[in-house]
Amino acid sequence: MKTRVGVLYGGKSPEHQVSLSTAMAVMNAIDPHKFAVVPIYITPEGKWIKGEPLTGPVKEVKQLQFVSDATAMIPVSLNQVQPSDVGGQEEAIDVIFPLLHGPNGEDGTVQGLLEMLNLPYVGNGVLASAVGMDKVVMKNLFAQAGLRQAKYVAVTKYEWNQGGETVYDRVEQALGYPCFVKPANAGSSVGISKCKRRDELKTAFAEAFTYDRKIIIEEAIVGREIEIGVIGNDEPVCSVVGEIVPKKEFYDYEAKYEDGQTELIIPAAVTEEQYETIRSMALTAFRALDLSGLARVDFFLAENGTVYINEVNTMPGFTPYSMFPLLWKHSGVSYPELIERLIALALERHQEKQTISYTLERKRG
């Protein structure tokens, strides 16, 4: 019997359209001889709509945006989105592949729902997803793990409203210029600004606070942007490294998704020693944040050769042309094989949790 994979995509996020493109690519790459694909669409308004199992390739994105009068569903009350071992429903789901980017997708919210449904799902758990989304908490844990990173300052909207000039003074004293201002909880370089003086800092604060109540300001590291892929649960492994070469001054949302001018160099030209440093730091970060399944870990390689960790992405871009799948392609893992491995890791981690739950129940009994 084929494993029934529920591909979950869309969502209430600025990256809704990106999620649709990713879902189409994954659905078309999944081996139809091993898996049955069930599309589950979350509209921009937050309605969940379950489509019929695919019978052929998806030729265009609009096929995945179901008609507005389609029956919406509440996941916690719909037996078709329960595990297949619950009553053995013919249309049940064996594993969920969440392809949701940004808030309400890769921040632990959907992962928590899937945990309550006792459904296996690809990728990181609740805590790891939440920490991976919150750049401030992430960097605090990096510091505790002894990972070298850029200096940073965290500011809440309340602090900013209470004393903006004082906050600007604090940033200038701690970091100086240039610096980067980012929402603490936003994916895909949304709301990021580079600042070279105070008037730009003020504008950047106002922009970033439209996306989150907490922002992070980081010192600018002059150097190259290097990324590495990690897959696994308790025994994670790393891909080759790649380099991002944006034609713009920095790698913002438009550079990532819209202007088509960013160059990806895979494998990146690094020394063996630099690769080992990057690989070791990536694995340390993976374990420090209790990640599982997959992650893309981003670094800065300074002009003097020093490696700084930047951030982890717990659900990286996942089209065949995105950095994460390309890193694995150049490491000898094809796109369909990568998907299959991630599904296997999801089922492995879920089985481990079930064993723990069963042990606890026996002790209570």
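Reader: Which residues form one aromatic cluster here?

Author: Phe-97, Phe-318, Phe-324 and Tyr-335 do. Keep in mind that this is a predicted model.

Reader: How many aromatic pairs are there by the ring rule?

Author: The count comes to eight aromatic pairs. One of them joins Tyr-9 and Tyr-41.

Reader: What makes the pair of Tyr-9 and Tyr-41 stacked?

Author: Two values decide it. The ring centres are 5.4 Å apart, and a pair needs centres within 6.5 Å. The planes stand at 25°, and stacked means under 30 degrees. So the pair is stacked.

Reader: What does the pair of Tyr-9 and Tyr-41 tie together?

Author: Tyr-9 lies in strand S1 and Tyr-41 in strand S2, so the pair ties together parts that are 32 residues apart in sequence.

Reader: Are Tyr-9 and Tyr-41 buried or exposed?

Author: The cut-off for buried is under 20% relative accessible area. Tyr-9 has 0%, so Tyr-9 is buried. Tyr-41 has 4%, so Tyr-41 is buried too.

Reader: Why is the pair of Trp-160 and Phe-205 called tilted?

Author: Their ring centres are 6.2 Å apart, which meets the limit of 6.5 Å. Their planes stand at 50°. Stacked needs under 30 degrees and edge-to-face needs over 60.

Reader: Where in the chain do Trp-160 and Phe-205 sit?

Author: Trp-160 is in helix H5, residues 157-162. Phe-205 is in helix H7, residues 198-208. The pair links distant parts of the chain, 45 residues apart. Both residues are buried.

Reader: What makes strands S3 and S4 edge strands?

Author: Start with the sheet. It is open, has four strands in the order S3-S2-S1-S4, and its pairing is mixed. Strand S3 (48-50) and strand S4 (95-99) each pair on one side only, and they are the edge strands. Neighbouring strands of this sheet are turned by 25° against each other on average, direction ignored.

Reader: In which sense do S1 and S4 pair, parallel or antiparallel?

Author: Strand S1, residues 3-10, pairs with S4 in the parallel sense over five bridges. Two strands count as paired at two bridges or more, so five is enough. Leu-8 stands opposite Pro-98 in S4.

Reader: Which strands does helix H1 touch?

Author: Helix H1, residues 16-29, packs on the sheet and touches S1, strand S2 (35-42) and S4. Its direction makes about 155° with that of S1.

Reader: What is the strand order of the sheet of five strands?

Author: The order is S11-S10-S9-S12-S13, with antiparallel pairing. This sheet is open as well. Its edge strands are strand S11 (263-265) and strand S13 (307-313), and each pairs on one side only. The twist averages 30° from one strand to the next.

Reader: Over how many bridges do S10 and S11 pair?

Author: Strand S10, residues 237-245, and S11 pair over three bridges, in the antiparallel sense. Val-245 stands opposite Glu-263 in S11.

Reader: Which strands does helix H9 touch?

Author: Helix H9, residues 272-288, packs on this sheet and touches strand S9 (223-232), S10, strand S12 (293-302) and S13. Its direction makes about 55° with that of S9.

Reader: How many disulfides are there by the sulfur rule?

Author: The count comes to zero. Cys-179 is in no disulfide, and its nearest cysteine sulfur is that of Cys-195.

Reader: Is His-350 buried or exposed?

Author: His-350 has a relative accessible area of 15%. That is under 20%, so His-350 is buried. His-350 lies in helix H11, residues 335-364. Beyond its sequence neighbours up to four places away, His-350 touches Asn-118, Leu-119 and Pro-120.

Reader: What makes Leu-338 count as buried?

Author: Its relative accessibility is 0%, so Leu-338 counts as buried. Leu-338 is also found in helix H11. Its contacts beyond four places in sequence include Ile-231, Phe-318 and Trp-328. The C-alpha atoms of Leu-338 and Ile-30 are separated by 9.7 Å, though the two are 308 residues apart along the chain.

Reader: Over which residues does pLDDT stay under 50?

Author: Over residues 76-80. Low pLDDT means the predicted coordinates should not be read in detail. The protein averages a pLDDT of 89, and 86% of the residues score at least 70.

Conventions. Residues are numbered from 1 along each chain as its sequence is written. This is a predicted model: local features need pLDDT of at least 70, side-chain atom pairs count only at pLDDT 80 or more; totals for chains, interfaces and linings use all residues. Side-chain values use heavy atoms; hydrogens and water are left out. Axes are lines fitted to C-alpha atoms, for helices over the stretch in contact, and angles run from 0 to 180 degrees between N-to-C directions. Contact means heavy atoms within 4.5 Å. pLDDT is the predictor's confidence in each residue, from 0 to 100. Rings of Phe, Tyr and Trp (its six-membered ring) pair if their centres lie within 6.5 Å; planes under 30 degrees apart count as stacked, over 60 as edge-to-face and the rest as tilted. Buried means under 20% relative accessible area, exposed over 50%, partly exposed in between (1.4 Å probe, protein chains only). A disulfide is a pair of cysteine sulfur atoms within 2.5 Å.
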